[in-house]
Amino acid sequence: NRSQLINTEKGNTILLDAYNANPSSVEMALSSLERMEGYRVALLGDMFELGNYEEAEHQNIVGIAQGLDIHELILVGLAFYKTKLPASETMKKFKDKEDAISWIREKNYSNCTILIKGSRGMKMEDLLKEF
(Lines give C-alpha, C1' and ligand atoms only; values in the text may rest on other atoms or scores of the structure.)
Protein backbone atom coordinates (compact mmCIF):
# COMPACT_ATOMS: atom_id res chain seq x y z
CA ASN A 1 0.00 0.00 0.00
CA ARG A 2 3.00 2.34 -0.33
CA SER A 3 3.34 3.99 -3.73
CA GLN A 4 2.36 0.90 -5.69
CA LEU A 5 1.77 1.31 -9.41
CA ILE A 6 -0.99 -1.06 -10.51
CA ASN A 7 -2.45 -1.62 -13.99
CA THR A 8 -6.04 -2.86 -14.01
CA GLU A 9 -8.12 -4.86 -16.48
CA LYS A 10 -10.13 -1.71 -17.27
CA GLY A 11 -6.97 -0.02 -18.53
CA ASN A 12 -6.56 2.16 -15.45
CA THR A 13 -3.19 2.96 -13.95
CA ILE A 14 -3.50 3.18 -10.18
CA LEU A 15 -1.03 4.89 -7.89
CA LEU A 16 -1.97 3.25 -4.59
CA ASP A 17 -0.53 5.04 -1.58
CA ALA A 18 -2.90 4.04 1.20
CA TYR A 19 -0.43 3.30 3.97
CA ASN A 20 -0.27 6.77 5.45
CA ALA A 21 -1.25 10.36 4.72
CA ASN A 22 -0.27 13.72 6.06
CA PRO A 23 -0.51 17.14 4.39
CA SER A 24 2.97 17.07 2.87
CA SER A 25 2.70 13.49 1.56
CA VAL A 26 -0.71 14.21 0.01
CA GLU A 27 0.64 17.35 -1.66
CA MET A 28 3.59 15.39 -3.09
CA ALA A 29 1.30 12.59 -4.32
CA LEU A 30 -0.97 15.12 -6.05
CA SER A 31 2.06 16.72 -7.71
CA SER A 32 3.18 13.29 -8.92
CA LEU A 33 -0.30 12.58 -10.29
CA GLU A 34 -0.31 15.88 -12.15
CA ARG A 35 2.83 14.83 -14.04
CA MET A 36 1.35 11.50 -15.13
CA GLU A 37 -0.32 10.95 -18.48
CA GLY A 38 -3.99 10.39 -19.19
CA TYR A 39 -7.21 11.43 -17.52
CA ARG A 40 -6.12 12.06 -13.92
CA VAL A 41 -8.32 11.33 -10.91
CA ALA A 42 -7.33 11.98 -7.28
CA LEU A 43 -9.22 9.87 -4.76
CA LEU A 44 -8.27 11.09 -1.29
CA GLY A 45 -9.28 9.76 2.10
CA ASP A 46 -9.08 11.68 5.36
CA MET A 47 -5.76 12.41 7.01
CA PHE A 48 -5.78 11.41 10.68
CA GLU A 49 -3.96 12.65 13.76
CA LEU A 50 -3.94 16.33 12.78
CA GLY A 51 -5.58 17.52 16.00
CA ASN A 52 -6.58 21.18 15.94
CA TYR A 53 -5.22 21.52 12.40
CA GLU A 54 -7.58 18.94 10.88
CA GLU A 55 -10.08 21.35 9.31
CA ALA A 56 -7.49 23.79 7.98
CA GLU A 57 -5.20 21.10 6.57
CA HIS A 58 -8.01 19.28 4.75
CA GLN A 59 -9.21 22.58 3.26
CA ASN A 60 -5.63 23.41 2.27
CA ILE A 61 -5.35 20.11 0.36
CA VAL A 62 -8.55 20.97 -1.51
CA GLY A 63 -7.03 24.32 -2.49
CA ILE A 64 -3.82 22.68 -3.65
CA ALA A 65 -5.72 20.11 -5.72
CA GLN A 66 -7.81 22.85 -7.35
CA GLY A 67 -4.64 24.56 -8.54
CA LEU A 68 -3.27 21.44 -10.24
CA ASP A 69 -4.04 19.93 -13.63
CA ILE A 70 -6.09 17.06 -12.24
CA HIS A 71 -9.35 16.22 -13.99
CA GLU A 72 -11.36 14.90 -11.02
CA LEU A 73 -11.08 15.16 -7.26
CA ILE A 74 -12.97 12.67 -5.08
CA LEU A 75 -12.79 13.19 -1.32
CA VAL A 76 -13.77 10.52 1.22
CA GLY A 77 -14.27 10.83 4.97
CA LEU A 78 -15.84 13.14 7.52
CA ALA A 79 -12.97 15.65 7.58
CA PHE A 80 -12.93 16.08 3.80
CA TYR A 81 -16.74 16.13 3.80
CA LYS A 82 -16.61 19.31 5.90
CA THR A 83 -14.46 21.15 3.35
CA LYS A 84 -15.83 23.78 1.03
CA LEU A 85 -15.84 22.88 -2.66
CA PRO A 86 -16.98 24.97 -5.60
CA ALA A 87 -20.06 23.72 -7.42
CA SER A 88 -18.43 21.38 -9.90
CA GLU A 89 -19.02 18.13 -11.72
CA THR A 90 -15.35 17.28 -11.31
CA MET A 91 -15.16 17.58 -7.50
CA LYS A 92 -17.14 15.31 -5.21
CA LYS A 93 -17.05 14.55 -1.51
CA PHE A 94 -18.51 11.64 0.42
CA LYS A 95 -18.92 10.98 4.14
CA ASP A 96 -17.80 7.37 3.82
CA LYS A 97 -16.37 4.78 1.45
CA GLU A 98 -19.71 3.10 0.83
CA ASP A 99 -21.19 6.28 -0.68
CA ALA A 100 -18.03 6.82 -2.71
CA ILE A 101 -18.10 3.24 -3.99
CA SER A 102 -21.69 3.63 -5.21
CA TRP A 103 -20.77 6.76 -7.15
CA ILE A 104 -17.55 5.26 -8.54
CA ARG A 105 -19.47 2.22 -9.80
CA GLU A 106 -21.84 4.49 -11.72
CA LYS A 107 -18.90 6.30 -13.34
CA ASN A 108 -17.24 3.04 -14.42
CA TYR A 109 -13.76 4.52 -14.83
CA SER A 110 -11.55 3.11 -17.58
CA ASN A 111 -8.26 4.21 -19.15
CA CYS A 112 -7.58 6.68 -16.34
CA THR A 113 -4.65 7.45 -14.08
CA ILE A 114 -5.92 7.33 -10.51
CA LEU A 115 -4.25 8.28 -7.24
CA ILE A 116 -5.72 6.50 -4.19
CA LYS A 117 -4.34 8.00 -0.97
CA GLY A 118 -5.44 8.27 2.64
CA SER A 119 -4.49 7.56 6.22
CA ARG A 120 -4.11 3.91 7.19
CA GLY A 121 -7.36 3.95 9.17
CA MET A 122 -9.34 4.88 6.05
CA LYS A 123 -8.33 1.62 4.32
CA MET A 124 -8.50 3.29 0.93
CA GLU A 125 -7.14 0.14 -0.73
CA ASP A 126 -10.71 -1.21 -0.41
CA LEU A 127 -11.58 1.04 -3.37
CA LEU A 128 -8.99 -0.54 -5.65
CA LYS A 129 -11.35 -3.27 -6.84
CA GLU A 130 -13.73 -0.64 -8.26
CA PHE A 131 -11.18 0.34 -10.91
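1. How many of the seven residues of strand 3 are buried? Six of them are, so strand 3 is largely enclosed by the rest of the structure; buried here means under 20% relative accessible area, exposed over 50% and partly exposed in between, with a 1.4 Å probe and protein chains only. Helices (H or I, at least four residues) and strands (E, at least two) are DSSP runs numbered from the N terminus.

2. On the source: this is a predicted model, in which local features need pLDDT of at least 70 and side-chain atom pairs count only at pLDDT 80 or more, while totals for chains, interfaces and linings use all residues. Residues are numbered from 1 along each chain as its sequence is written, and side-chain values use heavy atoms, with hydrogens and water left out.

3. The six strands form an open sheet with mixed pairing, in the order 1-2-6-3-4-5, where two strands pair if DSSP finds at least two bridges between them. At its edges lie strand 1 (4-7) and strand 5 (91-94), each of which pairs on one side only. Neighbouring strands are turned by 15° against each other on average, direction ignored; axes are lines fitted to C-alpha atoms, for helices over the stretch in contact, and angles run from 0 to 180 degrees between N-to-C directions.

4. Strand 3 pairs in the parallel sense with strand 6 over six bridges, and leucine 43 stands opposite isoleucine 116 in strand 6. Its pairing with strand 4 is also parallel, over five bridges, with glutamate 72 in strand 4 as the bridge partner of valine 41.

5. Strand 2 (residues 13-17) runs parallel to strand 6 and is joined to it by five bridges, and isoleucine 14 has isoleucine 114 of strand 6 as its bridge partner. Aspartate 17 also belongs to strand 2; it counts as buried because its relative accessibility is 14%. The side chain of aspartate 17 makes a polar contact of 3.2 Å with that of lysine 117, a polar contact being a pair of N or O atoms within 3.5 Å, where within protein one must be able to donate a hydrogen and the other to accept it, and residues adjacent in sequence count only if both atoms are side-chain atoms.

6. Helix 1 (residues 23-34) has 12 residues, which at 1.5 Å a residue should span 16 Å, and the 17 Å between its end C-alpha atoms agrees with this; the expected span is 1.5 Å times one less than the number of residues. Its buried residues include Val26, Leu30 and Leu33, and what covers the buried residues of helix 1 includes strand 3 (39-45), helix 2 (54-66) and strand 6 (112-117).

7. In helix 2 the buried residues are His58, Ile61, Val62, Ile64 and Ala65. They cover an arc of only 165° around the axis, which puts them on the same side of helix 2, the arc being that of the directions from the helix axis to the C-beta atoms. Glu55 and Ala56, on the other side, are exposed. The buried residues pack against helix 1, strand 3, strand 4 (72-76) and helix 3 (78-81).

8. Glycine 38 lies in the loop between helix 1 and strand 3 and counts as partly exposed, because its relative accessibility is 42%. Leaving aside neighbours within four places in sequence, glycine 38 is in contact (heavy atoms within 4.5 Å) with His71 and Thr113.
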